[in-house]
Amino acid sequence: MRTRSISTATALAVLFSSVVLSVAAAGPASAVTATIGSPAGIVVDGVGQRVFVGDDTNDRIIATDYNGKLVDSVSGIDGIFDLALSDDGTTLYAAARVSHEIVALDAATLDIKARYPVATSIGPLYVEFAAGKAWFTYEDQLDGHGNLGSVDPAVDPAGGTDPVTLGQLSRDSGVGSAPLLDTDPSAPGLLAVGATDFFDMTKDLLAVVDVSGATPQVTAWHNGDYSLNYVSDIDLVPGTPQVLVDGTDRHVYADGKFTAAGAYPAGQRADIAPNGLVAQISDANVAVYRPGATKPIRTYAAGTSVLAWAPDASRIFALVNSPGGYTLKALTDPTLNVPSLTVNAPSTATRGNRLTVTGKLSATVPLPSGAKLQVTRTDPESPKGKALPAVTLKADGSYTFTDTPPAGGTVTYKVAYAGDAAHMAVSASDKVTVPHTTPTLTLNKNGSVYDYGADVSFTAHLGSTYKNRTVEIWANPFGGDKPNKLLKTGTVNSSGNISATVDMTRDTEVTAVFKGDTRIAPRTVKSTAYARVKVSTAVSKHYKTAKIGSTSYYWFHKSTDPLLTTTMSYYKGRKQRLDLQVYSGGKWYSAGSEYFPLGTNGKSAVRLGAPGKSGIKARMRSVYVNGSSGDTVNSTTYGSWKYLYFSN
């Protein structure tokens, strides 16, 4: 159908709508370049491929191309309410309710060709073109009734004849509002008329009027209780003597009467293409039906109350809410059904084990027998996807296939239907988590203790893997002043081993790292080895060394205070502990322990003090105590005992 009008209720619904159009499935959409303040009629010119939209807020008409791009506009039409296009597509008619006129414009340029004053209290409102005239509806404020008028563009007012004729309904409708109008190219000369009696809301007006002659003739009329509640939309159905009311109820007209002839699922309003396809607005959706069908071919998730078909039924134009007003968008491929495709794969699976994927392709339009689905598996080994054998749909649209995922990680199964002459292409996917196999990875020497400066070889052993045979060995010395250091990275030998040497000057955490591959999980193992400090003590001020029994002693006079100089591996803030013991009654007894700081050269000199008494045996040693000596970077280390004897 070429033209479509909206009722006052529709205009309000659009005005306060806040839902923005979104297309339910893939399909090209038009660029958003034309903005309308408040929609006031929409009409599509199939020859020039233009869409005309009335903008009541800005008293203008805009023209766009089929992609919604603004190509022209005209202002100065006061109170624009509706639009219509002449049969030859050359003249656009606008109903201007505020200035009470029908305005004729050149459809190619939007230049105003003529203005036709209409002496009505309210209107003109709705306008359609049929039988060479522009037909419009209006209301008489004196009695509140609606009626029909016409403009004959062939009449020249300069000749003394008014081209505008009012009161064209020869039968009083008794309807307290201006009726809605509709025409259809398949029924030239017919007008569909519909309205609700606001004085008695139980009554509805339905009429088909033949305007092809000198005087309009009523073909069918109904003015009573049709249980329609409120007539907000009426359409002539192409190719059959029917009208569609509110986008839902079909009524056959014959012998001057209307008879209910079925219904589409509940909607609010519609537009019908010349080939009979119905675009129905139902809440937030636009559903496309074949004539008389109860299941839609295509459903768009759209927030609109204004739409119109392109005459070739290639697309539907919808006005949708957008920032600053409303924009025109094209809903494309209306004859292609959008199937629903599901994919159900297990959430987890074992690598190398077979799994089963199921799903279903559903459509409101029957799918072709034997339709096939393309299957693609994407995983770490095939990041760009690997095509699997196509799967054939069962009679009920379900399908099943099996696969053995070779790689670990996230495995995605994508199933796609390429579409056909009646269906859009569609795809869906599901993900499976496939754990990697945990490899064997060991590292020796954990817990071992070594002397300061020992060169210790650490060996990592890697068990079976898929492709990656590389292992890294890192050393992280205790203390915050030295970073983690990569000692070696390389391929393990035929026995699965790789080694690296650590200079053990500190306690060290050694780490072996295997980064995994597509089938084997990464793994890290640690081994902590410990290093003693290097410690020695020099004794001075003795007058000789000699053995007492089998033990060598440093001999001091009883009045001499020994000097004990300890050298220890240095670390900032480190202290050495000096232990002193004396011998009595065949046993060694502790005489005390005391911590002394090391100099930056690692030395600590301590004077023991002269006992002033002969015959005393003593011994001392220097000790590093992990934690108590001021740091924790080495393992507790005991120096050797130094034996002292005091003589006369």
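User: In which loop is His 423 found?
Analyst: This is a predicted model, in which local features need a pLDDT of at least 70 and side-chain atom pairs count only at pLDDT 80 or more, whereas totals for chains, interfaces and linings use all residues; pLDDT is the predictor's confidence in each residue, from 0 to 100. Residues are numbered from 1 along each chain as its sequence is written, and side-chain values use heavy atoms, with hydrogens and water left out. Strands are DSSP runs (E, at least two residues) and helices likewise (H or I, at least four residues), numbered from the N terminus. His 423 lies in the loop between strand S35 (409–417) and strand S36 (426–434).

User: Is His 423 buried or exposed?
Analyst: Buried means under 20% relative accessible area, exposed over 50%, and partly exposed in between, with a 1.4 Å probe and protein chains only. The relative accessible area of His 423 is 2%, so this residue counts as buried.

User: Which backbone oxygen does the side chain of His 423 reach?
Analyst: A polar contact is a pair of N or O atoms within 3.5 Å; within protein, one must be able to donate a hydrogen and the other to accept it, and residues adjacent in sequence count only if both atoms are side-chain atoms. Contacts in general (heavy atoms within 4.5 Å) link His 423 to residues including Leu 336, Pro 339, Pro 366 and Tyr 417. The backbone oxygen reached by its side chain, at 2.7 Å, is that of Val 365.

User: With which side chain does the side chain of Asp 579 make a polar contact?
Analyst: Asp 579 is in strand S49 (residues 575–584) and is buried, because its relative accessible area is 5%. Leaving out residues up to four places away in sequence, Asp 579 touches Arg 619, Arg 621 and Trp 641, among others. The polar contact, at 2.7 Å, is with the side chain of Ser 593.

User: Which residue in the turn between S49 and S50 has a positive phi?
Analyst: S49 runs antiparallel to strand S50 (residues 587–597), and ten bridges join them; two strands pair if DSSP finds at least two bridges between them. Within this pairing, Gln 581 stands opposite Ser 590. The two strands form a hairpin with two residues between them, and the turn residue with a positive phi, of about 60°, is Gly 585.

User: What is the bridge partner of Ser 340 in S31?
Analyst: S30 and strand S31 (residues 355–362) run antiparallel and are joined by five bridges. In S31, the partner of Ser 340 is Ser 362.

User: Which residues have the most contacts inside the largest nonpolar core?
Analyst: A nonpolar core is a set of buried Ala, Val, Leu, Ile, Met, Phe, Trp, Tyr and Cys residues joined through side-chain atoms within 4.5 Å. The largest one has 31 residues, and the elements giving two or more residues to this core include strands S16 (190–196) and S18 (217–224). Beyond four places in sequence, the contacts of Tyr 253 include Leu 190, Val 208 and Leu 236. The residues with the most contacts inside the core are Val 243, Tyr 253 and Phe 258.

User: How many contacts does the stretch of residues 1–32 have beyond near neighbours in sequence?
Analyst: The mean pLDDT of the chain is 90, and 91% of its residues reach 70 or more. Over residues 1–32, however, the pLDDT is below 50. Beyond near neighbours in sequence, the number of contacts that this stretch has in the model is 108.
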